[in-house]
Amino acid sequence: MTNFTSFSDLRAVCLDLPSGHPAASAAVVQREGTLTKPPRSLGRLEDLVAWLAHWQGHAPPRLERIDILVFAGNHGVTRLGVSAYPAEVTAQMVANFASGGAAINQLARTAGAELRVIPLSLDKPTADFTETAALSEQEFLAAVTAGYEAVSPQCDLICLGEMGIGNTTAAAAIAAALFGGGGSRWAGRGTGVDDEGLTHKCAVIDRALDRHAAALQDPLAIAAALGGRELAAILGATLAARRQRVPVLLDGFVCTAAVAPLAKLRADTLAHAQAGHVSAEAGHRMLLNELGLRPLVDLDMRLGEASGAAVALLLLRAALACHTGMATFAEAGVSDKPVDDAVEEPKAAG
């Protein structure tokens, strides 16, 4: 049973991380060199198989059990009109997930993954972070623990996502607190606010940054003061996955902002994670650049609910299928010797 009792306790766990399995990734690279294709001709698909092997410790890696974890939470800041939708939509969408009617249900089924939706105190929104911390230390730690314990070490991969009206405001505030620039740099339209709404959203974020200026030196305090339960749970799940050597596909802007405090605490924390996609939400590409994460797909998606991560999962399946299913040069009877352009022309007889 995980029991984070303080920021200090959680911070110690965040700094004590295992490495991967270099022998497994080296075995993948070695096999790639024997397959019936020019060297590196499958590009990043080859890298993805090696990355999976590095964290799973298997060569070849496996994609048999995959969990898509979608955490849901409500935000007190929505009372300030930062979203085009009311807070009740969070619970309504969770019910839609349960009945199989959302995009992520279709994508999870198509990708061969198990969808698990985890609502977090939807009847108790976070506090309005322009007035006080969104979550107390103990509320934050409880949400982190919920995410941490949602990760099964038996998984071959997890995809992470969220649902929470108002959470792009929280994500933008966290990004601004960690990387600077204020609301105008990081705020986007979220669920579809108009120009006036976007200006208001930026102002709300800046008020929150001023209100919590004293906490801006501590990434965990930032996550508690400006985030939400679903963001804290994503942080916890990502931390658990790293400690259990389970590779992770991250979803969009909110999901990436949720894990950014981990990278601020220790630069290599997200080595086991890939950015499933780059969102159309304004700040996501900048945030990925700050974290050194290169997205797998760019399809102008901004839905959330792990939809981009689930699409990226299809790429991982394609990569693994090529790695395990292709013949080697020896098996196919194909020459693996490139033509030498420097071969001399045969000399004339006599």
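On a 1 Å grid over the protein atoms alone, a cavity is a set of points where a 1.4 Å probe fits but cannot get out, while a pocket is an open set with protein on both sides within 12 Å along at least five of seven lines; lining residues have an atom within 4 Å of a point. Grid points are joined across faces, edges and corners, and a volume is the space filled by probe spheres set on the points. The structure is a predicted model, in which local features need pLDDT of at least 70 and side-chain atom pairs count only at pLDDT 80 or more, whereas totals for chains, interfaces and linings use all residues. Residues are numbered from 1 along each chain as its sequence is written, and side-chain values use heavy atoms, with hydrogens and water left out.

A search of the whole structure finds one cavity of 30 Å³ or more. The volume of the largest cavity is about 40 Å³, and its lining includes Phe140, Ile174 and Pro261. Helix 11 and helix 12 (253–265) are the elements that give two or more residues to this lining; helices here are DSSP runs of H or I with at least four residues, strands are runs of E with at least two, and both are numbered from the N terminus.

Of its 13 lining residues, Glu32, Gly33, Pro38, Pro39 and Arg40 are the closest to its centre. Helix 3 gives the most to this lining, with three residues.

A residue of interest in this part of the chain is Lys37, found in the loop between helix 2 (22–32) and helix 3 (44–56). Lys37 counts as buried because its relative accessibility is 10%, where buried means under 20% relative accessible area, exposed over 50% and partly exposed in between (1.4 Å probe, protein chains only). The side chain of Lys37 makes a polar contact of 3.1 Å with that of Glu32 and another of 2.9 Å with that of Glu46. Such a contact is a pair of N or O atoms within 3.5 Å; within protein, one must be able to donate a hydrogen and the other to accept it, and residues adjacent in sequence count only if both atoms are side-chain atoms. Glu46 is itself one of the buried residues of helix 3.
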